[in-house]
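I opened the model with my notebook beside me. These are my entries, in the order I made them.

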Amino acid sequence: MVSDIERTLIGLEQESWQANINEDVEYFRQHTTDNILIVASFGVFDKRAIIGQLEKKQGVPYKSARMENPRAITLTEGCALITYKVTIEARVQGKVIAIPRFVTTVYVKQDGGWKSAFMQQTDTK
């Protein structure tokens with residue numbers, strides 16, 4: 001049975017992946033904390049770097065993202081975590097490739113809603 005927090009965080013993660021696919025800079029301005037950190041195999045990024053990369057369209061163009069086996073827990077009344085496997089389809093040098101990763105995102109309640117405060121992506125095979 002899916003809990004309310006799990007349902008909420010799954011929805012937020014799906015929105016986030018869609019915003020990434022759409023290169024929706026405004027989504028990330030509004031739905032991330034000012035001090036967010038994202039850790040990936042290619043570096044550690046703060047909000048300014050994330051927004052800058054999207055504005056300059058410097059990232060690998062994502063075509064889709066499929067989440068598998070999401071699990072969420074409440075850490076405190078205003079903080080929760082979701083972890084799952086995602087398979088991203090991206091266009092690299094004219095070819096569509098699959099990029100499997102494990103993802104963990106921490107959300108905090110802020111300004112009346114949930115905002116992403118931390119994300120870790122770990123490449124997998």
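I started with K115 and D111, which form a salt bridge with closest N and O atoms 3.1 Å apart. My rule for a salt bridge is a side-chain nitrogen of Lys or Arg within 4 Å of a carboxyl oxygen of Asp or Glu. K115 is buried at 13% relative accessible area, whereas D111 is exposed at 68%. I call a residue buried under 20% relative accessible area, exposed over 50%, and partly exposed in between (1.4 Å probe, protein chains only).

A note on the source: this is a predicted model, where local features need pLDDT of at least 70, side-chain atom pairs count only at pLDDT 80 or more, and totals for chains, interfaces and linings use all residues. Residues are numbered from 1 along each chain as its sequence is written, and side-chain values use heavy atoms, with hydrogens and water left out.

I checked the confidence next. pLDDT is the predictor's confidence in each residue, from 0 to 100. The chain has a mean of 93, and 99% of its residues reach 70 or more.

How many salt bridges are there by my rule? I got seven. One of them joins E55 and R29, with closest N and O atoms 2.4 Å apart. E55 is in helix α3 and R29 in helix α2, so the pair ties together parts 26 residues apart in sequence. Helices (H or I, at least four residues) and strands (E, at least two) are DSSP runs, numbered from the N terminus. Shared partners join E26, R29 and E55 into one network of salt bridges.

I then looked up R101 and D123, a salt bridge at 2.8 Å between the closest N and O atoms. R101 sits in strand β5 and D123 in strand β6, 22 residues apart. R101 is buried at 6% relative accessibility; D123 is partly exposed at 40%.

I stayed in strand β5 (residues 95–110) for V103. Is V103 buried or exposed? V103 counts as buried, because its relative accessibility is 1%. Its contacts (heavy atoms within 4.5 Å) include W17, I82, Y84 and M119, leaving out residues up to four places away in sequence.

Last, the cores. A nonpolar core is a set of buried Ala, Val, Leu, Ile, Met, Phe, Trp, Tyr and Cys residues joined through side-chain atoms within 4.5 Å. The largest has 29 residues, and L9, W17, I82 and Y84 touch the most other members. A second, separate core has five residues, among them C79 and L81.
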